[in-house]
Structures are given as structure tokens and as C-alpha cells.
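I opened this notebook to keep a record of what I looked up, entry by entry, as I went through the structure for the first time.

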Amino acid sequence: MSLFTKQFIYDSDYKNKKILLHIDLHCPIYEDKIIDDTKIQINLPFIKKLLLENCSIIILNENGNKTNKFISDHLQTFISNKVTFCDQNYTNEIIELVQNLKNEVLFLENTNSIPKNVAADQLALFWGSLCDFFVYDSLNDAEKKLPSSYMIAKYYPKKSFIGPLCKKELDNVKTLTINSMHPTTYVIGGSHIYNKINAIYSAANHLDYLLVGGITSFTFLKMYDIDVPYYEEGTIDEVHNVSLILKKKIYMPLDFLETDSLSNISGINEVLIHDMHSNNVIGDIGQKTINEYLSILDTCKSVLFYGPVGLCEINEFQNGTYQILNKLKELTTKGVYTFIGGIELIIAMKALGFNASDFSYVSVAGNNTLSLLEHIILPILEIIPNKS
């Protein structure tokens, strides 16, 4: 079964039909106001296209309890077609509302709220019965066998399709892992290596450089008896195996920024790796490391950047991540393919003033990006048929 040949809604006769749409419209809300509508903006083009093609839309969205009303109201401000919010997700009233939908949007209460005494299978069968086509377009929960996604596709496979966000994610994963231009480099940061090691294994045959930073790099450095503040003991054998495979393709930090306490970050020192103090806080990669990494990136044609290389929530430790992002922005304008992934890095990217348009692609799959890079067929993608 191929990861890259799923039934795609635009290849179907979807016009003038009722579309059941599972999407991620998670929006942080404070004092009854949406403070970040990024997820709405990402999904808006698809919603508008469906409405333009005279479709009627039923939205299934998993958000915090009783917050979909705010999201529904906010969505209405961007489209002229009527948006109706229903504060239930399993009632006969919904059947009547769907029957009367005419090129409009029906937004159901969050699908995490399963009514008492209603089995998950019942919910999936009910929701799936409401539509002509079911479209899954939210890869950040693709590993879960949810009633609102996996189970609908399980019971209604012939009318289940992926949407444009899923299609774009899969196309970009294919570009990076199968059709990548060389030299290809992975820049791997973040807090852990255990959840990234298999993606590195999968990329070993086509990877030209692996640049590691952040806390992730500590386990690599530990192999060389560097006195690091922390390392993942349970992963060190796998890191050693990766090092044997990639050999001279792996680059590790030469220096770091350290401080004795996050409450006293005015006392920051730039130290070579052999001069680190294991009881200190390592906040960022140092300038020697940055310079070496940037010079390698200048030679590349394809780059994955996954996870920040410093503690980006602290201003003093943002420099490494900023400089790598800035270099990738520059390289993107020169035709280099740049893929940004990982929730932590995407949050840092926005905080540091970069936009998704600055890079070739910014993943929408959340932590499932790593699974896709390993070509793991996640449950929802396994159950949605391949196109014929």
C-alpha cells in the first residue's frame, strides 16, 4: 500500500455534493476571544473552494470542550455563505439540518464530546451517513483511530478521501525523501533524539549531511565521552549505529552557550564542547557551530530543519535557530528546497518573525511529520483507499 497514492477529493465528482470534513481548526481562546486563528486561515481556501463549487459542508473539529461556537462564529466573518453552529454532534436535529443545507456550512460541537451510552462505532456510522463524500484533512491526529476520522473511513471507504492539506503534506514528504535534490541535509534539534532516530535511519541512504543541535546533540556527544548535562541512555546504542552508517556525514556542535542558572541568564558563556560544565544549563549552539552549519547549508539543494537548536523561549538562546532559519529563507529564494517540521520549531519560527511563505514547505502534520518521513502509513491513511 502506497503512502502517496490516496484517493484525493479533487479527483472525484465532488461538486454540488454534501461534504463531511474532518479538519483541525484548533484555536487558542482567551476570555472568549480567539487569539490565534492560524488554523482557520490554513483551512479557509479549501472551504471556500468547496462552497464555490456549490457544495454543502459539515465540519467535524476536535477542539477544547465547548469552544467550537467561537470558532464557528469566527469562520463566518471570512465567508458570505451561512455558517450554522449546532451545539450537539449526535441528534436527529442534525439530520434535519443537513437535509436543509444549501451551499452552506454546518459546524458540529467538538467531536471529543461523545454522548453517554453512544458507542464510537455508532457515532462514526451516523456521521458518515450524513454526506456524499468524507474528506480527511488533518494529519496531526492521523495516528489515532478516532470515530470522526479513522472509523468513518473504515465504514465508508469508497466515499473517503484526503483533502488538499494532506495531499500537499504527502507530496512534500515524497519530494524530501524520494525525489530530493542533492546534497540533502537534515538539521535535527529539539528536546529528544529517541523519536527522531528512525527518521534518520530511513533517510540514511539519501542523506549527505546530518547536523545535530539542541539537547538532541547531547546523546551524540556522549559517544565521544563529552561531559554533557543530559543524554538519553536508552537511545545511545541506536545513535551509535546511526553514526556507523553515516560516518563523516554527521556534524556535531563545536561549542555552546551555557549559563549556571536560567534565573541568571546575564551570566552566559560561550564554551567549546570539551569545556562544558555538566551542571550548567546549555541554552544554544555557539557561533563556531553556527558558522560551520551555515557553510554546509550553502552547498545544499534540499534541507529538512526539524526542532530548534536552542531554548528559543528565552531571547538569549534564539540565535542559532534564528540564523539557520534566516539562511534557509535566503536559500529558498535561490531554489533550494526547504522543509520545516516539528511543533516546537514552527512555534519558534513564528516568534522569530518568519512566515510559512519564507520556505518551500512548513509541515501541518505536527509530531506525525516524523512518522511520515519514515514512510509509516498511519491508521487513517491505511484505511483511506488508494486511487484507482
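Entry on helices and sheet. In this predicted model, I began with helix 6, residues 164–177, and found that it lies across strand 9, strand 15 (302–306), strand 16 (337–341) and strand 17, running at about 120° to strand 16. I then turned to helix 12, residues 343–351, which lies across strand 15, strand 16 and strand 17 and runs at about 110° to strand 16.

To place these strands, I looked up the sheet, which is open and has six strands in the order 11-10-9-15-16-17, with parallel pairing. Its edge strands are strand 11 (250–251) and strand 17 (361–362), each of which pairs on one side only. I noted as background that strands of a sheet pair through backbone hydrogen bonds, either parallel or antiparallel.

For one pairing I went into detail: strand 9 (residues 184–188) and strand 10 (residues 209–212) run parallel and are joined by four bridges. Within that pairing, I recorded that Y186 has L210 in strand 10 as its bridge partner.

Entry on the core. Which residues touch the most other members of the largest nonpolar core? I found that they are L75, L210 and I340, in a core of 122 residues. Helix 1 (residues 38–52) gives the most to this core, contributing six residues.

I looked for cavities of 30 Å³ or more and the count came to one; the largest cavity holds about 30 Å³ of space. Its lining is made up of F4, T5, K6, I162, K167, L170 and D171. Helix 6, with which I began, gives the most to this lining, with three residues.

Entry on T219. Is T219 buried or exposed? I first noted that T219 lies in helix 8, residues 216–222. Its relative accessible area is 0%, and because buried means under 20%, T219 counts as buried. Not counting residues up to four places away in sequence, T219 touches I193, Y231, E232, I236 and V239. I also checked T219 against T177, which is 42 residues apart from it along the chain, and the C-alpha atoms of the two are separated by 25 Å.

Notes. Residues numbered from 1 in each chain as written. Predicted model: local features only at pLDDT ≥ 70, side-chain atom pairs only at ≥ 80, totals over all residues. Heavy atoms only, no water. Pairing = 2+ DSSP bridges. Helix = DSSP H or I, 4+ residues; strand = E, 2+ residues; numbered from the N terminus. Contact = heavy atoms within 4.5 Å. Axes fitted to C-alpha atoms, helices over the stretch in contact; angles between N-to-C directions. Core = buried A, V, L, I, M, F, W, Y, C linked by side-chain atoms within 4.5 Å. Buried < 20%, exposed > 50% of the residue type's maximum accessible area, 1.4 Å probe, protein only. 1 Å grid on protein atoms, 1.4 Å probe; cavity = no way out; pocket = protein on both sides within 12 Å on 5 of 7 lines; lining within 4 Å. Points joined across faces, edges and corners; volume = space filled by probe spheres on them.
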